[in-house]
Each structure stands twice: as C-alpha cells, then as structure tokens.
Amino acid sequence: MSPRAGNAGPHTLAFVESPVQLLNVLEWAHAHAPGVGLTLVVLSPLDPMTRGQLRRMSDLARDEGHQVRWEEARGGPLAPFQTVGGLTGPLRRAHRVVLGDPFSRYVQLLLTITRARNLVVVDDGTATMEFVGQLARGERLVRWHRKGGRPGPRDVIFAPVSASARRRLTPGERRRVEIFSSMPMEDTPAGVTVRAHTFAWTRTRFGPPRITKGADLVGTSLVETGVVDDGRYLDAVHALATAHGVTRYFAHRRESTAKLHRLAARTGLEIVRPELPLELIARRGPIGRTILSFPSTVVHTLPLALSGTDVRVAVCDIDPAWLTEHASPRAQGFLSGVTDTARDVHRLSPAAPDPTHAAGPSGPAPFTATPPLAATPPSTGLVGPAAP
C-alpha cells in the first residue's frame, strides 16, 4: 500500500462503472482528499473492452493505496440482489459517497440506502453537464440522448427510485453535495459546491509524451447510441483522415468491432483500442501533434491533460444531416454546446484545412508550460478482445 493514501477504510465509498469514472475518482482523491484511502467499488459491466480498461485502472488505484472491490454486478439474474445486499452494510457506515454516474439505475438504487451526509459527483464526461442542468431545474434525471422520447415501462417502474436519488443529490441542512468537474457549467444548483477538475494527478504521474508529426483521430460512440447514421459517420471519418493526414484512429470503448473493421477497410487507418482512458494514453504518448475529435468529452479534457505540450486539439462539428431519425430532438443543440463551450480547441469541418499548417497568429496557441515530468511508455492495443 502506498504511504500517500493511508489506510483504506469504509468512511469514503466510491462507485464507478467506467474507466473514466475511476480515473476521475483518483483525480478527486489527489486534489481534495490527500492521505485518505478510498474503498472503490467497481460495478462491472459486461462489455469486454470496458472490463479490460477497468482492470488496468483498478491496478493504478491499488498503486495509489486505495482498496478496490470488484463486483460482478451484472453477472446474472441474481447478481443485482447479491451486489446490493453485500453493499448495504458499507453504504450505511460510509460518511462520504463518491459516484461517477448519477443517471445509472444501479447508483440511484444504492443512493436510497446510504446515510452519508457528504455526496460527491465526479465527471462522467459530457453527461455531467446535463446532470447539473437537470438538478438545477428540478427535472427528472434522463440521459441527454434519450431526452424528448417517451418513457418506457422500465422508466415508469423505476421512477420512484430515480426521484428519491434526485432528492438525495439535492443539498440540504444535513447533506452536502459536491461536483468535481472539468466541464463547463451553465446552471449551478443552489447549495452545490463545484470544484475544478484539472487532471493534476494525470500530469503528475505521467508524461510528458513524445509528440509525432502526424495527426490522430478520436472515435465516438454516437453511432452505437443511435444518434448518428453509420454510413454518414464513416464518410466523415474518411473525409477528415484524407484532409488532415490522419494515421491512427483511437476507438471509443463502446464502438462495435464490426463498425471498426468497416472503418479500417474504408480509410486504411490503424485502429487502436486503448487499454486506458484516452487522457492517460495521450499523456503517456506517443501522440500526434494534432488530435481531431467529434464533439465529446475529450475536447474538454485533453487540453487539460496535455497542458504543457505543443499538442493541438481540433473538433469537427456534427452536421445535422448525419443524425438518425431516432436521435433525440436535443441531440444537435447538445452536441453544438459541447463544442461551443470547449476551451483551447480549434473548430473545423471535414473540409477545413489542417490546423497544424493553417493556424497563424490568430490560431490556437500552444498549451501553457508546466514543469517537465518523467516519461512513461505508451499502452495501447489493436482491435480485438480486451485482456481479462
């Protein structure tokens, strides 16, 4: 156990379901709970890529001195009952609960059990922006890509639990609520403490990266969530790769293998399945001098993680013609807002010139300097099943 983290115990209990959530819990602990050991509960999903990244992030958490409790929370029809039953005692004893996804039904159910007076919500990407706005407006908690649609039978059945969770996430005389985020916040709920997430732990532990001359493209799961048409997306990736000399495509952990094989055949790009969240992969390097992305979390997080380097981040807007007929009415506005509020990024369209060559005195400035850090070798894997 690392001497930095002290003794892991039941007083602070954290729940995560994705690698990025786990990373952001480590960032919160580094910034606001130094010397406090967490009990970190991984509510494991079934997706092999996500499980593989969570295993590797769990190793990093143990290296920091935190206790990791791996729960096969979706391992069969009895798994939810066993998981909730096993966590009831720790939840009732916990003084502070840290969570990564307030929209998760699993997390909402666990919130109805806890007596903790301190609740912390760490970033879960762009979903955090939507959560904060809904909490401020007193709305029911609904993921942005589903908002505007009719509630399904499961939504109706689960509505009382979701409403109870929203009440518990609302600060009061005996409950403090904190949000730890690198995302822009238009509406701040009354009484909620917002703390800036700057990726200080990532920059301290990793990098600086070796920077290559080429460009890298970050993938998105907008096709898998039903927001963007598959064929339009492949066309957009091909246009961007051709216009900007992209050589590598960093796949989102939720992208289907079938889609990635079609993309590789169409574009000739090297498809990389990252073994860790992209913020860590980029910080460890090697990474392209230009990183291209569609509207997503990374247009906010990569400039912070890569602070002190000459890497430029550029974002390509989603054309309304790319949206599917099933996309939420809010989709275009939400995605545009993700781009509009991003700092230190260059905005482009698929036909725009390469910002590495086109940006002049009025273009995006390099990131501000920070003290050099020890170099760390890269950790990526090609398309295929994740290691256990």
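Here, a contact means that heavy atoms lie within 4.5 Å. With that in hand, let's look at a few close-ups of this predicted model.

**View 1. Val315 and the residues around it.** Let's start in strand S12, which spans residues 312-316 and includes Val315. Which residues does Val315 touch, once those up to four places away in sequence are set aside? The set contains Ser293, Phe294, Pro295 and Val299, then Thr339, and finally the run Val345, His346, Arg347 and Leu348. Is Val315 buried or exposed? Its relative accessible area is 0%, under the 20% cut-off, so Val315 counts as buried.

**View 2. Phe199, a residue with positive phi.** Now move to the loop that runs between strand S7 (193-196) and helix H7, where you will find Phe199. Phe199 is not a glycine, but its phi is positive, at about 60°. With a relative accessible area of 1%, Phe199 is buried.

**View 3. The cis peptide bond between Gly207 and Pro208.** Here the loop between helix H7 (200-205) and strand S8 (211-218) holds Pro208. The bond joining Gly207 to Pro208 is cis, and omega is about 0°.

**View 4. The cis peptide bond from Gly285 to Pro286.** Our last stop is Pro286, placed in the loop between helix H10 (278-284) and strand S11 (287-293). What is the form of the peptide bond from Gly285 to Pro286? That bond is cis, with omega near 0°.

Definitions and conventions: Residues numbered from 1 in each chain as written. Predicted model: local features only at pLDDT ≥ 70, side-chain atom pairs only at ≥ 80, totals over all residues. Heavy atoms only, no water. Helix = DSSP H or I, 4+ residues; strand = E, 2+ residues; numbered from the N terminus. Buried < 20%, exposed > 50% of the residue type's maximum accessible area, 1.4 Å probe, protein only.
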